[in-house]
Amino acid sequence: MGWSTVNNIPANIDTMLLLTDGSVMAHVLASSNWYRLIPDKSGSYTNGNWVQTASMLNDSNLTATMNGPTYGPVFFDSAVLQDGTVLVMGGEYNVNYTSTSPAVDALEVQLYDPVTDKWTILPTPTGWTVIGDGASTVLADGRVLFGNAGNSQMVIFDPLTQAYFFTSAKNDASFEETLTLLPNGDVVTAQCSNGTSSELYTPSTDTWLQMGSTGVTLPQSCPGFVAEIGPAILLPNGNVFAIGATGNTAIYTPGAAGVAGTWANGPTLVDSSNNTLFPMDAPAVLMTNGQVLLTASPTN
C-alpha cells in the first residue's frame, strides 16, 4: 500500500487490525480515535479511503488515577472476534503518554461493532483492579483468553454471553507476555518474569502446565519495570517462532493437546554487520509466503 495515495490517515497510529470484511482499523496513539481503511470495489487498499469511525466511549468507572473517564489506551489488548466485532481491553497507559508518564494499567473493556459503528462499554472481570498490558489470544472456539497485568489471574471472555470465566492459576503474571494459539487448541507462552520458563494452557481441561526451558533467554530485563519480550508467530508447519527482546529466538514444536512440546534455539537476530538486534515489545507478522516480517532496534 502506498501511504501517499490514501487520504485522511492521521499520524501516530499504534495499532492496526484486519477486520473480517477486509477493511483495516487503525488506532491513534493515546486517544479514543480510530480510523478504517475501506478498500475500493476491486479490493484495492491503495485506492481505498480512510474514514474516521466512532470514538471509544468515556466511562465514569474509569477512575481519575487511570486518567479517566476518557479512554485512550496505549499498549493494550485487542481481538477481532468471529462475528466481526472488535474487543479492546486494558492499557498500560491511558490518554497521557510520554517517555516519563507513569503507567496506570487501565481497567476497561469496550466492544466495537463495525456494522453499526458503535462502541459498547462492557463490565470488567469481578474483583480486578487493573488489566493493563496483559497478554491475550482468541481461542479456537471464539472465546478470548486474557490476563491481569497485576497478578497471575486469567479469564476467558465469552462473546455470546459477554460473561467471564476465571481459569485455573497461571504460574506468573501475563504482563508483557505473548500468548500463541496452537493448531491443537492449546496456548503457549514464554514467561517474562522467569527467565527461560514457559507455560502451556489447555482450554479443554482448564490446565496451566509448567514446561521446560526455552533454551536461550528471550525476555530482556528492564530495571524498574517488567521484562519485555518480542512477538511469537505460529508458522505454517504448526511450530511457533518466539522472538526475544534479547535478539535470541526459539522454535516451539507442540506435542499432543495437554502435553508439553519441545523448544529449540532459533537464529540470533543480527544486522548486516553482525550486530545483535533487539525486538523489544516489537511487532511481527506472518506473510503469505510463510516468512516472518518483524522489526527490531539496534540498541537494547
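1. Accessible areas here come from the Shrake-Rupley method with a 1.4 Å probe, and for residues only the protein chains shown count as cover. On that basis the accessible surface of the protein is about 13,500 Å², with 53% belonging to carbon and sulfur atoms.

2. This is a predicted model, in which local features need pLDDT of at least 70, side-chain atom pairs count only at pLDDT 80 or more, and totals for chains, interfaces and linings use all residues. Residues are numbered from 1 along each chain as its sequence is written, and side-chain values use heavy atoms, with hydrogens and water left out.

3. The protein has 24 strands and 0 helices (DSSP runs numbered from the N terminus: E, at least two residues, for strands; H or I, at least four, for helices). Of its 300 residues, 47% count as buried, where buried means under 20% relative accessible area, exposed over 50%, and partly exposed in between (1.4 Å probe, protein chains only).

4. The structure holds 12 aromatic pairs; rings of Phe, Tyr and Trp (its six-membered ring) pair if their centres lie within 6.5 Å, with planes under 30 degrees apart counted as stacked, over 60 as edge-to-face and the rest as tilted. The rings of Trp 128 and Phe 146 have centres 5.8 Å apart and planes at 85°, so this pair is edge-to-face. Trp 128 lies in the loop between strand 10 (118-122) and strand 11 (136-138), and Phe 146 in strand 12 (residues 144-147), so the pair ties together parts 18 residues apart in sequence.

5. Trp 128 is buried at 5% relative accessible area, and Phe 146 is buried at 0%.
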